Amino acid sequence: MVQRTVLKVDVSCHKCKKKILKAVSDIDGVDKIEVDEGKGTLTVTGSADPYEIIVRTRKAGKHVEVVTIGPPPPPPKQPQAQDQQKKPEDKKEEKKPQQKSQIHDPLTCPQCQSIIVVPMGYHERSPSCSIM
C-alpha cells in the first residue's frame, strides 16, 4: 500500500540534507523523497514502513517528529483548455531563476557545531622508545 510519511526534521545545511537523503533512500519501497529546508520537513512516498523511516532518520543523528502518515494526495487535475491556450513564448517567460545551494560552513551549522574537531600535532617518535 502506497502511503505518504511527513516528518519534521531539522535540516539546516546541505550536508544535513544529504545525510538524511542517504539514510532514507536505502529503504526498500521508497518511491519519492522530498526535503523542504524552509519548512524543515521530510516527505517520503512509497510502500516503505514509516517506523523504519523514523528509525533510519534518527540513526542519521536527527531529531524527528511525525507530522502525518497516510495516503498520498491525488494528483491535481489540469484543465486541457488552459494547456492549449499557452504558447511556447509563454513557457520561456515562466522560467524561475535557480536557487544556489547553500555552502556548508561547520562553524555556522548548529548540527555540526556539536562535533568538535581538534587538530592533532605531529609528534616524532622517540628513538629511545621501542616495542619488541
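Predicted model: local features only at pLDDT ≥ 70, side-chain atom pairs only at ≥ 80, totals over all residues.
I started with helix H1, which covers residues 14-25. This helix has 12 residues and reaches 16 Å from first C-alpha to last, close to the 16 Å expected at 1.5 Å a residue (the expected span is 1.5 Å times one less than the number of residues). Helices here are DSSP runs of H or I with at least four residues, strands are E runs of at least two, and both are numbered from the N terminus.

Residues are numbered from 1 along each chain as its sequence is written, and side-chain values use heavy atoms, without hydrogens and water.

Next I looked up which residues of H1 are buried. They are Cys-16, Ile-20, Ala-23 and Val-24 (buried is under 20% relative accessible area, exposed over 50%, partly exposed in between, with a 1.4 Å probe and protein chains only). Seen down the axis of H1, they fall within an arc of 90 degrees, so they line one face; the arc is taken from the directions from the axis to the C-beta atoms. Lys-18 and Lys-22 are exposed on the face turned away.

Then I turned to salt bridges (a Lys or Arg side-chain nitrogen within 4 Å of an Asp or Glu carboxyl oxygen) and got 3. Lys-17 and Glu-37 meet at 3.7 Å, N to O. That pair links helix H1 to the loop between E2 and E3, 20 residues apart. Arg-56 and Glu-52 pair at 3.1 Å, both in helix H2 and 4 residues apart, about one turn.
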